[in-house]
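Q: Before I read any single feature, I would like to see the chain itself. Please show it, and then we can go through it step by step.

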Amino acid sequence: GKVRVVEYSLGPKFTNHSLACTDPTNGFAIDVSMWGPMLCFAKVYFLDGSPPLILDRYVNFTDQTSTT
């Protein structure tokens with residue numbers, strides 16, 4: 001079905017640890033700054049009222065420095 005809203009759970013260290021996005025033009029994306037790796041969750045709600053889909057992703061950072 002078509003997505004109505006995506007609710008992101010970013011963890012207790014964020015001031016706004018729960019953010020909702022209703023903008024389909026940007027793929028329901030949000031923009032946040034993080035200072036370290038963390039587990040993020042997203043709950044996807046659909047227009048047809050079907051049960052929400054819960055997604056998780058561990059966001060990690062790679063070393064961007066070169067050793068050559």
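Predicted model: local features only at pLDDT ≥ 70, side-chain atom pairs only at ≥ 80, totals over all residues.

Q: What average pLDDT does the protein chain have?
A: pLDDT is the predictor's confidence in each residue, on a scale from 0 to 100. Here the protein chain averages 86, and 91% of the residues score at least 70. Confidence is highest in strand S1 (residues 3-9), at 96, and lowest in S2, at a mean of 91.

Q: How many helices and strands are there in the protein chain?
A: The protein chain has 0 helices and 4 strands. Read along the sequence, this gives the pattern β-β-β-β.

Q: In what order do the strands form the sheet?
A: The order in a sheet has to be read from the pairing of the strands. In this case the 4 strands form an open sheet with the order S2-S1-S3-S4, and the pairing is antiparallel.

Q: Why is one side of strand S2 and of strand S4 left without a neighbour in the sheet?
A: Strand S2 (18-21) and strand S4 (53-59) stand at the edges and have a single partner strand each, so one side of each has no neighbour in the sheet. On average, neighbouring strands of this sheet are turned by 20 degrees against each other, direction ignored.

Q: Over how many bridges do S3 and S4 pair?
A: Strand S3 (residues 38-46) pairs with S4 over 7 bridges, in the antiparallel sense. To place this pair in the view, take Met 38, which stands opposite Val 59 in S4.

Q: How much space lies in the largest pocket, and which residues line it?
A: Rolling a probe the size of a water molecule over the atoms shows where empty space is left. In this model, about 260 Å³ of space lies in the largest pocket. Among the residues that line it are Tyr 8, Leu 10, Ile 30, Cys 40, Phe 41, Asp 56, Arg 57 and Val 59.

Q: Which strand gives the most to the lining of the largest pocket?
A: S4 gives the most, with 4 residues. S3 and S4 each supply at least two residues of this lining.

Q: What is the lining of the largest pocket by class?
A: By class, it has 10 nonpolar, no polar and 2 charged residues.

Methods:
Residues numbered from 1 in each chain as written. Heavy atoms only, no water. Pairing = 2+ DSSP bridges. Axes fitted to C-alpha atoms, helices over the stretch in contact; angles between N-to-C directions. 1 Å grid on protein atoms, 1.4 Å probe; cavity = no way out; pocket = protein on both sides within 12 Å on 5 of 7 lines; lining within 4 Å. Points joined across faces, edges and corners; volume = space filled by probe spheres on them. Nonpolar A, V, L, I, M, F, W, Y, C, P; charged D, E, K, R; others polar.
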